[in-house]
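Good morning, and thank you for coming. Please look first at the sequence and the structure.

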Amino acid sequence: SSLVKYNDWLTKNKDRLDKMDRKDRRKLLTEMRNSLFGEDDAKDIWAAETKAENLRAAIDELKDIKGKDISTKLAHFKNALNENYGAEAKAYLERHQQEITNSLLTSVQSDLKALTPTQQNHALRTIRTELGMDAAAVERWDALDSERENRWKSGKEYLAEREKLLKNSSGDSTEALNELRKKYFGAEADSIAAEEAEGHLRFQGEQRIGID
């Protein structure tokens, strides 16, 4: 009966919950669960979700920790992992390794961007190793990071040339743009053209270091 009431409440309040930030949504959900199931039973029923939410919150907090280096922030995360999962921490990390790695890297982007390329590489290797990746996996990620960095460099150079071409063109620049895309993207040129036709410039945004 309580579960039916809870699910009905979720359905009726979906839009409201979707618009709330994580902290407020979590508070409201906890209050509703406690009122329907009792605090002890609600704690048991949603134990797994609570642990995962605590870990996500700890990762989000990394963005707001000022004056601390990446190693210190990584230690903060690992403390939260151990506090919530204890003896199961390693197994949980193995099951969610890539998801957690991407979330953590997202939270320390400002820190990574403040480093030199050599320091960035060291920081990425440290994070991935501390999150359980073996040496072979870390080496594969190193190679992918290098490939991504080169792609973003080429992408930014392409955008600069593209802007210059369009600014100085007095007629139809379609063929010139096609040649420019082939110069920078080769076989991907047609895909890039299709994206631009829809108003999307792939390399106009900011690169997320270690992620894309």
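Let me begin with a term: a salt bridge is a side-chain nitrogen of Lys or Arg within 4 Å of a carboxyl oxygen of Asp or Glu. This is a predicted model, in which local features need pLDDT of at least 70 and side-chain atom pairs count only at pLDDT 80 or more, while totals for chains, interfaces and linings use all residues. Residues are numbered from 1 along each chain as its sequence is written, and side-chain values use heavy atoms, with hydrogens and water left out.

The whole structure holds 20 salt bridges. One of them joins Lys27 to Glu31, with 2.7 Å between the closest N and O atoms. Helices here are DSSP runs of H or I with at least four residues, numbered from the N terminus.

For accessibility, buried means under 20% relative accessible area, exposed means over 50%, and partly exposed is in between, with a 1.4 Å probe and protein chains only. Lys27 is exposed, because its relative accessible area is 51%, whereas Glu31, at 40%, is partly exposed.

Asp111 and Lys73 meet at 2.9 Å, N to O. Asp111 belongs to helix H9 (residues 109-113) and Lys73 to helix H6 (residues 70-85), so this pair ties together parts that are 38 residues apart in sequence. Both Asp111 and Lys73 are buried.

The side chains of Arg162 and Glu196 form a further salt bridge, at 3.2 Å from N to O. This pair links distant parts of the chain, 34 residues apart: Arg162 is in helix H11 (residues 135-168) and Glu196 in helix H13. Arg162 is buried, because its relative accessibility is 17%; Glu196 is buried as well, at 12%. Salt bridges also connect Arg22, Glu53, Arg56 and Asp60 in a network.

Let us turn to the end of helix H13. Ala197 is located in this helix, which covers residues 189-197. Is Ala197 buried or exposed? With 68% relative accessibility, Ala197 counts as exposed.

Finally, consider Ser107 in helix H8 (residues 97-107). Ser107 is buried, because its relative accessibility is 4%. Its side chain reaches the backbone oxygen of Ile59 at 2.9 Å.

Conventions. Helices (H or I, at least four residues) and strands (E, at least two) are DSSP runs, numbered from the N terminus. A polar contact is a pair of N or O atoms within 3.5 Å; within protein, one must be able to donate a hydrogen and the other to accept it, and residues adjacent in sequence count only if both atoms are side-chain atoms.
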